[in-house]
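The sequence and the structure are shown below.

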Amino acid sequence: MGPVSTEPWWKSAVVYQIYPRSFADTNGDGVGDLAGVRAHLEHLVWLGVDAIWLSPFYRSPMADFGYDVADHCDVDPVFGTLDDFDALVADAHASGIKVIVDWVPNHTSDHHRWFVESRQGRTSAKRDWYVWRDPAPDGGPPNNWVAAFAPEPAWTYDEASGQYYLHCFLPEQPDLDWSNPEVEAAMHDVLRFWLDRGVDGFRMDVTHLIGKDPELADDPPEYLPIPHSALNDRPETHPLLRRIRTLLDAYPGDRMIVGEVYLLDTALVAPYYGDDDELHLSFNFPPLFTPWDATQWRAQIDKTVAELEPLSAWPTWVLSNHDNPRHRTRYDGDEGRARAAAVLLLGLRGTPFLYAGEELGLLDAEVPADRVVDPGGRDGCRAPIPWEPTLGHGWPGEPWLPFAPEAQTRSVADEKADPHSILHLYRRLLAARRGSEALQLGAQHMLAAPEGVVAWTRQTPAGDRRVVVVNFTDAVVRLEGTEALAASAHTTIEVASDGLGEGAAFTGALAPDQAVVLRPG
Ligand code: NOJ
Ligand code: CA
């Protein structure tokens with residue numbers, strides 16, 4: 001039994017992101033499906049995660065692989081049916097796993113019936129559900145906003161009506177106009193649809209983008225060609241979030257919303273928690289973009305604490321997701337670093353988000369030009385999960401993307417059979433968290449440590465205590481004479497990133513790129 005806490009589940013949970021296309025395929029069409037997720041729940045229970053976040057599985061023409069939603073309240077046939085979804089939720093809940101779904105409120109697919117109706121003409125009843133504007137005096141786009149993925153205008157001209165529509169992503173993803181109360185009501189209905197089906201929460205796509213400048217003023221030219229989706233930070237978003245929060249909090253069972261606030265400064269992210277009346281949690285991406293360097297990581301940790309603590313806002317930590325190169329790839333392919341990073345991620349105060357495959361130490365796939373499918377260049381991190389060492393790796397048909405390098409030796413089956421694998425390290429870390437209220441919820445105190453090392457304690461008022469020490473260097477480091485050594489006196493190595501010395505007394509020395517969780521005794 002782990003510690004009993006009165007805090008909401010999402011503070012102590014470890015969330016595991018599943019990109020359904022790439023997880024597991026049950027019918028041989030090469031695309032992962034909801035039945036595949038359901039078939040592998042046992043693995044997730046074995047691993048010890050508390051919740052899964054499913055990237056979009058809704059009806060979609062797949063221009064952005066599901067982030068272009070054509071029907072928010074139905075499952076795309078490639079992923080299965082609503083019955084498959086219900087069965088997955090039932091089984092997950094029976095296994096003690098919460099289910100979070102992606103909610104994409106800023107834009108829809110251009111195939112969504114709302115947009116089809118909206119583009120019928122200037123007098124369409126749904127015209128003002130989207131952002132339509134007349135051309136600029138020179139006939140060009142109404143403002144200088146840049147779309148994501150390619151440095152192109154965020155506007156597409158509609159010949160028939162002589163107006164442009166806004167799309168901060170692909171032209172196939174027109175932006176909704178959230179200043180229209182009908183849009184807000186319709187998107188609230190989507191939340192209710194999934195809450196009533198039993199989901200435990202939402203990951204809210206591009207949260208910071210839904211409130212827009214009513215004047216649609218130009219972005220500062222010096223920022224261009226940064227896409228508008230990475231710049232938009234408007235007061236109009238906050239009342240919208242408060243009403244979303246009220247809707248969620250009216251449901252029983254601590255339903256949670258975690259926002260993708262893609263603003264690359266934690267000081268800009270923090271306000272999206274509001275006064276504990278907006279997002280429950282927000283992603284904070286600056287650490288994800290931080291290189292494997294002690295000084296820079298320490299600065300990110302300090303900054304996160306400094307920005308969030310005054311708001312009593314609960315942090316999140318993430319190293320990998322479906323939009324960025326996997327962290328092992330970013331850290332030069334070094335498995336030792338990827339392992340130490342796992343200790344870092346799971347030792348910090350806040351809710352950690354894992355991305356399926358990082359527990360296998362996967363690298364990004366090298367995708368040959370003729371197999372590139374994503375307009376945003378993100379195919380590499382979306383390679384299919386290798387389940388078996390055999391040909392096909394447990395995928396009954398050729399998967400939609402090639403496997404990552406080393407799939408042969410990094411399948412789930414292989415790593416499960418090897419107690420020294422990175423998969424087993426993740427499992428031990430998750431077990432250590434479940435067994436320690438200090439690691440789940442305890443206060444965090446940063447310690448003075450030698451150059452190249454970041455160290456901290458986690459402690460509860462009741463006296464549960466852990467020390468986490470991460471060596472970012474490729475040399476042996478001794479803690480001698482530092483606060484970190486004093487704090488780790490009389491401790492035992494509970495988890496070591498390289499598996500060495502677990503259960504033995506900590507000597508004060510760390511191997512290159514080694515990270516440890518220490519417990520008193
Ligand atoms: C963020 C999602 O994570 C990304 O995959 C998607 O392309 C954009 N939002 C647009 O929805
Ligand atoms: Ca399939």
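## Calcium site

In this predicted model, D29 is partly exposed, because its relative accessibility of 37% lies between the limits of 20% and 50%. D25, by contrast, is buried, because its relative accessible area is 6%, under the 20% limit.

Both residues belong to the set of protein donors for the calcium ion (ligand 2), which comprises D25 (OD), N27 (OD1), D29 (OD), V31 (O) and D33 (OD). These donors lie 2.3 to 2.4 Å from the ion. Along the sequence, the donor residues of the calcium ion (ligand 2) follow the spacing D-x1-N-x1-D-x1-V-x1-D.

Ligand 1 takes up the space of the largest pocket. The residues around ligand 1 are D64, Y67, H107, F149, F169, R203, D205, E260, H322, D323, R378 and R382. By residue class, this shell divides into 7 charged, 3 nonpolar and 2 polar residues.

An N or O atom in the side chain of D205 is 2.7 Å from an oxygen atom of ligand 1. For the side chain of R203, the corresponding distance to an oxygen atom of ligand 1 is 2.9 Å, and for that of R378 it is 3.0 Å.

Taken alone, ligand 1 exposes 300 Å², of which the protein buries 97%.

Notes: Residues are numbered from 1 along each chain as its sequence is written. Chains are lettered from A and ligands numbered from 1 in the order in which they are written. This is a predicted model: local features need pLDDT of at least 70, side-chain atom pairs count only at pLDDT 80 or more; totals for chains, interfaces and linings use all residues. Side-chain values use heavy atoms; hydrogens and water are left out. Donors are N, O and S atoms within 2.8 Å of the metal (3.2 Å for Na, K and Ca); water is not among the atoms, so sites may look incomplete. Buried means under 20% relative accessible area, exposed over 50%, partly exposed in between (1.4 Å probe, protein chains only). A residue is near a molecule or strand if one of its heavy atoms lies within 4 Å of it. A polar contact is a pair of N or O atoms within 3.5 Å; within protein, one must be able to donate a hydrogen and the other to accept it, and residues adjacent in sequence count only if both atoms are side-chain atoms. Accessible areas come from the Shrake-Rupley method with a 1.4 Å probe; for residues, only the protein chains shown count as cover. On a 1 Å grid over the protein atoms alone, a cavity is a set of points where a 1.4 Å probe fits but cannot get out, and a pocket is an open set with protein on both sides within 12 Å along at least five of seven lines; lining residues have an atom within 4 Å of a point. A molecule sits in a cavity or pocket if more than half of its atoms lie within 2 Å of its grid points. Ala, Val, Leu, Ile, Met, Phe, Trp, Tyr, Cys and Pro count as nonpolar, Asp, Glu, Lys and Arg as charged, and the others, Gly among them, as polar.
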